[in-house]
Amino acid sequence: MKLKHGTFSKTLIAAAALMATLGVQADTLKIGIAGPVTGPVAQYGDMQKIGALMAIDRINAAGGVNGMTLEGVIYDDACDPKQAVAVANRIVNDDIRHVIGHLCSSSTEPASDIYEEEGVMMITAASTSPSITEKGYELIFRTIGLDSLQGTLAANHIQERIQPQRLAVIHDKQQYGEGLATRVRDILAAAGTETVMFEGVTPGDKDFSALIAKLKRNNVDFVYYGGYHPELGLILRQSREKGFDAPFMGPEGVVNSDLAAIAGEAMEGVLATAPKSFDQSPENAALVEAFRARNEDPSGPFVFPAYSAIQVLTEAMRATRETDPYALADYLRANCFDTTIGEIGFDQKGDLTEPTFEIYTLHADGSKTPVSK
Amino acid sequence: MQRALFPALFAAGVTFLLTCLVIGVRLQQDGPTLTVVGADAETWGWIGFAVVAVFLFQLFQQPLSAFKQRLPTPDLAALLPNEPLRRRLRPWLIALVVVGLFVWPFLVSRGAVDLATLTLIYVMLGLGLNIVVGFAGLLDLGYVAFYAVGAYTYALLSEYFGLSFWVCLPLAGLLAATFGCLLGFPVLRLRGDYLAIVTLGFGEIIRILLNNWTQVTGGPNGIGGIDKPTLFGLEFNRRAGEGSQTFHEFFGISYDSSHKVIFLYLVAVLLVLFTVYVINRIQRMPIGRAWEALREDEIACRSLGLNPTVIKLSAFTLGASFAGFAGCFFAARQGFISPESFTFIESAIILAIVVLGGMGSQLGVILAAIAMTILPELAREFQEYRMLMFGGVMVLMMLWRPQGLLPMKRPHLELKTS
Amino acid sequence: MSETTLYVLQQLINGLTIGSTYALIAIGYTMVYGIIGMINFAHGEVYMIGTYTAFITIIGLLTMGVGSLPIILLLALVTAVIISSTYGYAIERVAYRPLRGGPRLIPLITAIGMSIFLQNYIRLAQGSRDLAMPALISGGIQFGDPEVFEVSLSWMQLIIWGVTLVSMTALALFISRSRLGRACRACAQDLKMTNLLGIDTNRIIALTFVIGAALAAVAGVLLGLYYGTINPYIGFMAGLKAFTAAVLGGIGSIPGAMLGGLILGVTEAMTAAFFPSEYKDVVAFSLLVLILLFRPTGLLGKPDVEKV
């Protein structure tokens, strides 16, 4: 259909004027950063927060995105599913349409239901439970590997390198921990290694003497623990006291300097699967300096994934010149991005196409060294 | 004045002891090491202020309390118009409130309607507990267990059998009432504090069972993806499930998430109106009087021929059923439930609502529920201090006005004396 | 000895350790209930404050370079007892005394409010995260057959037993031999009468709160050293368990609190020994409910006769 010449140019001028006024308003685009600010795993929320905020600050310093300044708004879910739901509702009520978060898989999953329903894009830099991207949602992405990969990596390592005679698998009954523990147990069972003890502990519990006595009684020679550092730290500490010295292995939820504080010497030699140490790669040296200048610690496993999440989000916004989550989602799935965690792309489900986990040996001073292949 | 000097110094000393270490020194965790640092100057300023304030208050306690005696105490009841006028205005007032409740959500923001829905849930819970604690005088600290039963009933029935909200609502109430009856039986012989402890124990047991029975209840991860209520089969989602239609498609309008929020609010209003009506009627029936007789003096009650077993069980059962309704609605509204929503703190909050409102007074409970839910939202900047203020307010209210905001007045008729 | 026997012995040791600490905290609940008939919900938070004070003192002294472990521990104990007792006294004075004599529900609400207030007060002052201290007293003895099962008994466990024993003996002697102790017993029997006989009951009630808080502080120091990690929420669970112990033993009876604590600790340990450990807490509460249903006055309590 041919528009009359006059009408067309008038429309064009009107549209330009409208875009100009919108642009001239120099508005802020709020991005929600949801994770634990309080509670037992607040350290991980911190990692995600400093990564995302650093990215936002640097992007704003370089002129913002599409003429807008970014503003990170922090929301606290305390790693509690109920609060995560409340936070998600609040984010929707606050008219924010892009969220980096949440952190704990048990929080991210219920929140993602709300975000998908309300048309809010969510990129998680820390939730590793596979079920989050298994619901066929359009707007949910992640910049970290999956537990299915993490669990497989751990199980393979145990099967090939450790070859325990009497394996125990302990978990904290939450989605992340129990999911990983079940996966490790099942893979090992299929490969022929039986699990002698499979038990859950209550998060927040302090006394594991009964569990440790049971482990001793069953002559366990290797323990895989699925869960977070507060409980593992206490188990390690109390095991040492009680003379139970089998080696332990855990997921990235225990890779945290607080583990050293709780477990002390007992932490030496504990194995863990964790995202690659992006703070060690030379490309990120300048960024690491920037973190240290701000008195922030860039070595946490979620700092760089969170940074990259902001990177891909803003990259997509720049390329599509839009903030509509659906348009951004399409762009994310169709392209590759050069970020601080390397070249990444997203598959149809929203997961990273390349896994990023490695196995480390943890040391009592809080550092970690990669285990040679 | 001199006689007050020593107690004042003592009080100031106590204040200093209380704060100097616990607030004045901070434990800091730098990675693996733990250190102590003195708190910043501002904190020490507050400590100093507190000490001085306590000292001065104790010193001048006598003149201050004399001054307080002379202050007029506000009598809330005097603010209301007198009796005959009140009686004439009442039906108009009620009609105004009800109409207002239905019209209001269309005029305000989504967040406000959401908050109002949450408030209505607490109103329902408060009114339900009011039956047990306020009318019957049975101290129930585990009320949240019935709330949980209602919520999980809907969640599980919806997940495993696909039953809709409207079908599950009466079922949830019924199941919660059954649990109420079951709880009532063992505690028939217990009195006062022991009753409180057993109910507390029951509440915690239910929560721990829900937390550990992972195969059925999902354990700590809860149950998600719970369906929202439908309007005659029309769903309020962006996309319809198989076999059903969405609300916006049916009416040919574009999808707006505020439709869902307003609909949920209206459902909540209906539930609350139903609750208020039922309780009001029951209060005027013999069983309502029997509850109050039980509260005042159980032994006298028994000696007058009333059967305490029936009275106690009916109180527990009825109170529990309202918690069941509230729980069912809560699950539908949130779309997700976990045992963390049903801790002892929730019971404490609901109990606080009943006591602060004035035990037995329905209007008081409604006002208290509104205050408890809305005030924390208004003071959003004080998010950090919210629970602190909640605890403090509980203590202060008990010290200042233990009978509650609107102490109960038995519904009565006055004979007109000409 | 057979493997099962050794295993049971180990769990018994664990149970007695945790049970002793429950007993220490339970005494606070039972004494207050015995004297004014009130459940002090805020007692668990007093225990938590004791632990925090101990941590602050220990870390502070270590930072200042004090090397001698016995001195550090002694100072930590003394400081924690002083600060906790002050809290116990202040809570009673400010929140409970004005409400004495009124309906029973009101102080209960106040106590719950006080508990929430104190929890958040510490949370704001010290942060909500876990704080961890290195193990100051480690090591122990191992016995049993290395081939079958080795029972371990750590020095810390022995210290806990020792300190608990000393504290309870001291308390028992105080209550039975001293004048103030006699006054406490009199008040527990009949408050009004004691008042009429010229004893300042307000002072005695305050003393009761102080003693309860002091013992809770001792438990706080011991458990802080034993576990090594604290956060503002440990008071709630510990308080609930200790309260269960007090009711189990017979609320109002001090020997009952001690017995109840030990029984609860051992039951928990045995449950965790033979069933999945997550059901530990269910056992505690189920025990509470069962005792209250079938023997509300507890094991050592006196039947409560209601007078008309």
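How much area is buried between chain A and chain C, and what percentage of it do carbon and sulfur atoms give? Here are some notes to read alongside the structure, which is a predicted model.

1. **The A–C contact in outline.** To take the opening question directly: about 2,800 Å² is buried between chain A and chain C, and carbon and sulfur atoms give 43% of that area. Chain A brings 30 residues to the contact, while chain C brings 39 residues.

2. Several elements of chain A each supply two or more residues to the side that touches chain C: helix H2 (42–61), strand E7 (195–200), helix H7 (209–217), helix H8 (229–242) and helix H9 (257–263). By class, the chain A side splits into 13 charged, nine nonpolar and eight polar residues.

3. Polar contacts are found, though: seven residue pairs across the interface of chain A and chain C, with both residues at pLDDT 80 or more.

4. **The C–B contact in outline.** Now for the other interface. Between chain C and chain B, about 5,500 Å² is buried, and carbon and sulfur atoms give 78% of it. The contact draws 65 residues from chain C and 53 residues from chain B. Here, too, the count of salt bridges is zero, and five residue pairs are in polar contact, both residues at pLDDT 80 or more.

5. Which element of chain C gives the most to the side that touches chain B? That is H4(C), with 17 residues. The elements giving two or more residues to this side include helix H2 (43–64), helix H3 (69–96) and helix H4 (105–126) of chain C. Strand E1 (131–132), helix H9 (234–249) and helix H11 (280–294) of chain C are also among them. The class breakdown for this side of chain C is 46 nonpolar, 13 polar and six charged residues.

6. **Chain A by itself.** The secondary structure of chain A amounts to twelve helices and 14 strands. Its radius of gyration is 23 Å, close to the 21 Å given by the globule rule for 373 residues, so chain A is as compact as a globular protein of that length. Along the principal axes, its C-alpha atoms fill a box of roughly 90 × 45 × 40 Å. Buried residues make up 60% of the chain. Of the contacts in chain A with a separation of 6 or more, 69% involve residues 24 or more positions apart.

7. **Chain C by itself.** Chain C has eleven helices and four strands. Its radius of gyration, 20 Å, agrees with the value near 19 Å that a compact globule of 308 residues would have. The box filled by its C-alpha atoms is roughly 65 × 50 × 35 Å along the principal axes. Of its residues, 61% count as buried. Among contacts between residues at least 6 apart in sequence, 76% join residues at least 24 apart.

8. **A loop residue in chain B.** Finally, have a look at Leu188(B), in the loop between helix H8 (165–184) and helix H9 (192–212) of chain B. Leaving aside neighbours within four places in sequence, Leu188(B) is in contact with Thr309(B), Lys312(B) and Leu313(B). Val310(B) lies 122 residues away along the chain, yet its C-alpha atom is separated from that of Leu188(B) by 9.7 Å.

Technical notes:
Residues numbered from 1 in each chain as written. Chains lettered and ligands numbered in written order. Predicted model: local features only at pLDDT ≥ 70, side-chain atom pairs only at ≥ 80, totals over all residues. Heavy atoms only, no water. Contact = heavy atoms within 4.5 Å. Buried area = accessible area lost by both parts, 1.4 Å probe. Polar contact = N/O pair within 3.5 Å; in protein donor to acceptor, adjacent residues only side chain to side chain. Nonpolar A, V, L, I, M, F, W, Y, C, P; charged D, E, K, R; others polar. Rg over C-alpha atoms; globule rule 2.2 N^0.38 Å. Buried < 20%, exposed > 50% of the residue type's maximum accessible area, 1.4 Å probe, protein only. Salt bridge = Lys/Arg side-chain N within 4 Å of Asp/Glu carboxyl O.
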